[in-house]
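Subject: Structure handover

Hello,

Here is the structure we talked about handing over. My notes on it follow below.

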Amino acid sequence: MFAIGIRYLCGWAMATDPADRRRPEWPPHPDRIYMALAAAYFETEGEDAERDALDWLERQGAPAMWASDATERDAVTVYVPVNDVSLPMIRRGSVPSPQQVFQGLQVLPEHRPRQARQFPVAVPLEPVVFLVWPAEPPASVKNSLASVCSKVVRVGHSASLVQAWVEENPPVPNLVPTPGVGRYRLRIAGPGRLEHLAAQYANGFRPERSLWRAYDRPQPSEGLALPGSLFDDRLLMLRRADGRLLGLESTFLLTDVLRRAVIQQCPEPVPEWVSGHTPDGLPSQRPHLAFLPLADVGHEHADGHLLGVALAVPRSVPPAEVGRCLNPAVGFTEHGGPRQLRLYAGDRFEWTLELERRSLPPVALQSQTWTRAARRWATVTPVVLDRHPKGNELERQVASIVTEACPWIGLPRPADVLLGQVSPYRGVPPRREFPGLTRKADGGRLYQTHAILAFAEPVCGPVLLGAGRYRGYGLFRPIREGEETEGGYNDSRAL
Amino acid sequence: MPGLMNLEVIKEALAGTAGAFRCITEYQPAGGPGDKVFPPTYGEGDKGGVYAEEDRHVLGQNVHCVLLDSVQSQANRMELALLEEWEKHDVPLPVVAVDFTSYGLPKPFRISSLEAPHRIVDALIRDSELDGVPFRKSDFGKKLDAVDVRNATTLFGLCPTALVFGMWDSTSGRGALGARIQRALVSEIVGFDASAGVRTSSRIDPTQILLSAGPLYQTEHGGWTLAESEAKRDKNKNPVKVGKSGKPSEANLGNVKPSITSGGFTISKAVQTSVLSLPALRRLRFPLLDGTARPQADLAARTALAAQALYAVALVREQGADLRSRCLLLPTQPFAWELLDRPGEPPQTFDLPAAIGRTIYQQAVAEAKQAGLPWLEEAIVLKPSANLLALVRKSQELQTKLPEGEPVDA
C-alpha cells in the first residue's frame, strides 16, 4: 500500500473544473496531483531516481481517495490589470488628441485596463486529501516520491498552496474507482503521462489527453447489516437540468419516456435487466431497472413537483455491466461533464436530465432520502394491486395483498399496513388524482391506494411495491422517527 | 509558550524539510464586536456589487463567511507597507521608480516597482528611460531578460518582492513563455458568521435648494451661473447647461431622497491567514553570472526572502487592516507563526512583532550581501518617456479646467 497526503495550507483549493470553468474542481483529480508532482520534479531539475519513481507511479492506475465534501465560494468576476499596454505614437510638436490621452494614460496603474478573470475556490470541510494505491513500491521509489512530494508548492492555481507527503497510515478511502456508473468522473495519470507532459511543455502546449475514470463511494464490505430490497441502495440520481415543472401525476409519462431513452442509448443487444423484456418480447419475471419519481414532498411548502428521476438497479447486476449499459445514457462525456439526457413527449413536455453530482443536493435528490433504514414507510405514489380484491372485508384483503408484495422484492412482511386515500406526506396528490394502470387483458383499471407500512425491524430501501413498481408507482419513502406527518391517519395507532 | 522568531529558525527551516510558515490571526471591527463591515464587491454593471460569500464548516456547524480582502489585495498592501518602511526608516529595499515629480506637473507623483501592477516587469517601467534608453534595454534592465527560477540572482538584487509575490514577464520577447515566478506568500482575510445588512443613503441640503431653482449653466471659468446671458456657448451658440439638464444636483446641491440598498455585513470575527511556502523559496537558485552554483548564497538569499515576507506580514498586521471605507479591523491576538513540518506532529510556534521582524530582515539582507548576492542600495529613478509625460500633462491640465465631476471626454 502506498499513499500520498495533500494538505491545502490556506484551507481552500483554487483549481478550475475542466468541464465547467466557472466552478472549482473538487475533489482534486489524481491527474492534477500527478502533474503537481511532475512540475516539482521538472522545476527543480530532479534526479533520475525521481523520474523513475514518477514512472512507477503512473503505472499504478487509478488510486482510491479520501476527500471530504466541499462548499464553493461564490464565483465572482475579478478584474486583473493587464500588462500589454503601450503608448500611442505622437508626432513631435503636435498636441495629443483626447483619444491619445486616454490610450496613453492606460499605462498608469490607476487607468490600467483590466481583464475579467474568475478564480473558483472550493472550501473543503477537511482541507486534506489522500490518494491510496494498493501496490507497495520498492524502497528507492518510495524515498524518491517522498522527496518529490516535499518539493510540491501548489495544486491548482499559484495561490493554492499545499504541503504534500508520503503517508504511512491513510484513512479508509471514501471514493474509489468503479467500473459502474459513478457519481464522479476524475482524470487519472496513465503510463506515458510524464513523457507526454515533458513533450507538451517543450513545444509550448498545454497538457492534453487525460484518462477519465468513474469514481463513487465504496460499497460496504460486509453485507447489509439490515434487511433491504433486491435493489441496490445506491440509487442513480438524475436531476432535472431543464424543462417545465411536472408533478407526481406525470410519473408514468416521465418514466416511460425515460425508459425508452435509456434503452435507446444502451449498447445492443439490450439486456433483460434494462429493457424489462425477455428476448421473446414478454415481460420479464426477473428484477430489472426501476425508475423512481423524485418529488419535493414532506415539508411545509412542498407541492410535489418533480426534481428528477432515480434509477434503481437490481443488486444482482455486476457494476461493470451497469456501467457498460447505462454510461452511454447517463454517464459522462469525454470532456468530463455529465451527459445531458434529453426527453421528448411530442409537445407535452421536454426535459433534460443529468447525473446529480452536487455534494449537498436538495433532499429529494439525495439517495438516502429514499433508502435510509426505517421501520415505517409511506407512499409517495400509490401502490397498484395486481389483482382486484373481491367481496367483503375489502380493506383487509388489500392490506394482505400489499403485505404479500413485500417478499416479492426481498423485504420481510410488515407487521402492519395502513391504507388510505391520501399519503401522510404533504405535497403528494390523493390516490384518485394519479392516472391508473389498466389491465392488458380487459382494459379494466387496477386498484391503487396510498399506504403506510410498519415493519418489526428497520429495513433499507428503495421500497417499490406492486404492479407499476418499475415505472414509479408504489414508491415508499422512509418516515424518520419524529418526522411530521399530516392528515388522514391516527398516529395513536400502535405502529 | 511560543518562542520569539529569529534568523536561525528561518535558516534551519529552509535548510530542512518544513513545508510552510503559517500565521492565523483574528480581528474585530474597529467599532467593536458586532459592528458592520463592508467587504470588497466584484463584477460590473448589472452584475456588479456582488460580495464573495461562502459557507465553511467549523466544529460541525455550517458558518456563512464573506471574503474581506483577497490574495491579490493583501499582496498589494504588503508591498506598500514595505515601501513605506523604506521611505520612513531606511529599511533595506531595492526600488526602481518612475518619477513624475520633477516636471512641473499640476499633480506630481511617483510609481515604484512595488506599486506597479506587474512589479518590475510592468509596462510602465519597461517603457520608461534610464540614461536615455528604455529601461529593459538598459544595462540593468537587460539582465532581467535572463531571469528564471534557476537564475534569480539579478531579480534578488533588483526586485526581491517579485520572488516573494510572484511575477510573470509576459511582454518580454518570450511572450507567454516569459519568466514566471510562482508566488511564495499567500494571505487572505475572511469574515465569519457573516450576516448581510442594509445600507442607507441620503443627503439633507442645509441650503434647501429646490430642483425648480435651476437650470444651472456652465461659465467659461469652470463655475456655474443662473444667468443664461453669462453662460458658456457651444458651437451652435446655445447655452451649455451643467451636466445633462442643469439640475442643481449635477452641481452637488439639493437633497437626495433617502434610499435603502443591501450593503455590508456583521461578522463575529475576521480571520487573516498568511502562508509562506518554503518549497517555493527552495526552488529558487542564485548562481553567479557564469552559472556557477552557490549553495551558500542560495540559502542566504532564500533566508532573506523569507525574512522579508515574514516582516511584510507582521507590518500589515501591526497597522491593523484598514481595508476600505467602513472596513477597519483590529487584531485581537498576538501574531503567532506555526512552522508546519511533519504532518501529524504539532507544529512549533513563534511570535513575531514587526520590530523584531525588521531586525531579522536587516540581518538577513546583510548576510545575503556578504554571501555575494547583489542588492540595489540606492533607488533607480527612471524618467517617463516624453510621450507619456506629454499625455499625463495634458490629462492633468484638462482635469483642472473642468467643473468638478466632469469626466474626461475620451
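**Confidence**

Residues are numbered from 1 along each chain as its sequence is written, chains are lettered from A and ligands numbered from 1 in the order in which they are written, and side-chain values use heavy atoms, with hydrogens and water left out.

Within chain B, confidence is lowest in strand β13 (residues 195–203), with a mean of 76, and highest in helix α7 (residues 278–282), at 96. Helices (H or I, at least four residues) and strands (E, at least two) are DSSP runs, numbered from the N terminus. Residues 406–410 of chain B have pLDDT below 50, and this stretch makes seven contacts in the model beyond near neighbours in sequence; contact means heavy atoms within 4.5 Å. Where pLDDT is low, the predicted coordinates should not be read in detail. For the model, ipTM is 0.83 and pTM 0.80.

**Interface of chains A and B**

Chain A puts 53 residues into the contact and chain B 55 residues. The buried area (accessible area, 1.4 Å probe, that two parts lose on being put together, summed over both) is about 4,600 Å², with carbon and sulfur atoms giving 63%. On the chain A side, A:Leu9, A:Arg73 and A:Asn83 lose the most area to chain B, together 14% of what that side buries.

Five salt bridges (a side-chain nitrogen of Lys or Arg within 4 Å of a carboxyl oxygen of Asp or Glu) cross the interface. A salt bridge joins the side chains of A:Glu45 and B:Arg150, at 3.6 Å, N to O. Elements giving two or more residues to the side of chain A that touches chain B are α1 (30–43), β6 (70–72), β7 (77–81), α3 (98–105) and β11 (162–167) of chain A. The most come from α3(A), with seven residues.

**A:Val166**

A:Val166 lies in strand β11 of chain A. Leaving aside neighbours within four places in sequence, A:Val166 is in contact with A:Phe2, A:Ala3, A:Lys142, A:Leu145, A:Ala146 and A:Cys149. From A:Val166 to A:Ser147 the separation is 19 residues in sequence and 9.0 Å in space, C-alpha to C-alpha.

Regards

Definitions and conventions:
Predicted model: local features only at pLDDT ≥ 70, side-chain atom pairs only at ≥ 80, totals over all residues. pLDDT = per-residue confidence, 0-100.
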